[in-house]
Amino acid sequence: MDVRLVLFRENGERRELPLDAGVTSVGRRDDCDIRIPVAEVSRHHCEFRTSAGAVEVKDLESANGTYVNNQRVKRQRLSAGDHVIIGPVVFTVQIDGKPQDIRAVKTRLRTRASVPKSEGDGTGAGGEEADPISALEALASSADQTALDPFDDEEEEP
């Protein structure tokens with residue numbers, strides 16, 4: 001089964017994150033498979049479980065919740081075309097190429113007080129948040145999905 005999480009940049013450019021069989025963790029910590037370094041995402045927010053016949057998302061008791069089609073869920077089996085919302089990021093689930101036509105879903109990043117960078121959330125010392133779409137875009141374009149931190153090259157503010 002070919003499962004992909006599809007998201008769109010503000011300019012309408014499409015990005016895809018393939019999910020391998022097994023468990024894919026999502027959160028703002030460095031040890032997550034998909035890292036979304038913003039305050040609205042918990043350190044270990046949720047995980048996707050993919051097997052030969054099904055894909056599901058499981059919330060890991062995140063503070064702000066994991067949503068499927070605008071409904072907060074603890075654990076939910078996913079279908080092609082479902083929207084999974086994690087913090088400010090909206091993913092559309094594509095399974096075996098379906099749905100073929102995926103429309104862009106706009107996301108809006110709301111800024112709020114950030115956790116210090118030393119806690120691994122990707123924010124700068126001044127409380128500025130990294131752009132989660134750019135972070136995911138860097139991950140999607142990476143040939144090595146185990147390279148978890150797309151911000152390795154980023155210099156910290158003094």
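Reader: Before we start, what's a polar contact?

Author: A polar contact is a pair of N or O atoms within 3.5 Å. Within protein, one of the two must be able to donate a hydrogen and the other to accept it, and residues adjacent in sequence count only if both atoms are side-chain atoms.

Reader: And what kind of model is this?

Author: This is a predicted model, where local features need pLDDT of at least 70 and side-chain atom pairs count only at pLDDT 80 or more, while totals for chains, interfaces and linings use all residues. Residues are numbered from 1 along each chain as its sequence is written, and side-chain values use heavy atoms, with hydrogens and water left out.

Reader: Is S42 buried or exposed?

Author: S42 counts as buried because its relative accessibility is 13%. Buried means under 20% relative accessible area, exposed means over 50%, and partly exposed is in between, using a 1.4 Å probe and protein chains only.

Reader: What else does S42 touch?

Author: Skipping neighbours within four places in sequence, S42 is in contact (heavy atoms within 4.5 Å) with G27, R28, S62 and A63. S62 also turns up elsewhere: its side chain makes a polar contact with the side chain of D59, at 2.6 Å.

Reader: Oh, so where is D59?

Author: D59 is found in strand β6, and it is buried, with a relative accessible area of 12%. Not counting residues up to four places away in sequence, D59 touches H45, C46, G65, T66, V73 and K74.

Reader: New topic: how many salt bridges?

Author: The count comes to 7 salt bridges. A salt bridge is a side-chain nitrogen of Lys or Arg within 4 Å of a carboxyl oxygen of Asp or Glu. Side chains of opposite charge can pair when their charged atoms come close.

Reader: Which residues are linked in a network?

Author: D2, R4, R14 and E16 are linked in a network of salt bridges. Within it, the side chains of R4 and E16 meet at 3.5 Å, N to O. R4 is in strand β1 (residues 3–8) and E16 in strand β2 (residues 14–19), 12 residues apart. R4 is partly exposed at 24%, and E16 is partly exposed at 27%.

Reader: What does R75 pair with?

Author: The side chain of R75 meets that of E56 in a salt bridge at 2.8 Å, N to O. R75 lies in strand β9 (residues 75–77) and E56 in strand β6 (residues 55–59), so the pair ties together parts that are 19 residues apart in sequence. R75 counts as partly exposed, at 46% relative accessibility.

Reader: And the greasy middle: which residues touch the most other members of the largest nonpolar core?

Author: Those are L5, I36, F48, L78, I86 and F91, out of 23 residues in that core. Strand β11 gives the largest share, 4 residues. A nonpolar core is a set of buried Ala, Val, Leu, Ile, Met, Phe, Trp, Tyr and Cys residues joined through side-chain atoms within 4.5 Å.

Reader: What does L78 touch?

Author: Leaving aside neighbours within four places in sequence, the contacts of L78 include F48, V55, V57 and V93.

Reader: Last one: what share of the chain is buried?

Author: Of its 158 residues, 42% count as buried.

Technical notes. Helix = DSSP H or I, 4+ residues; strand = E, 2+ residues; numbered from the N terminus.
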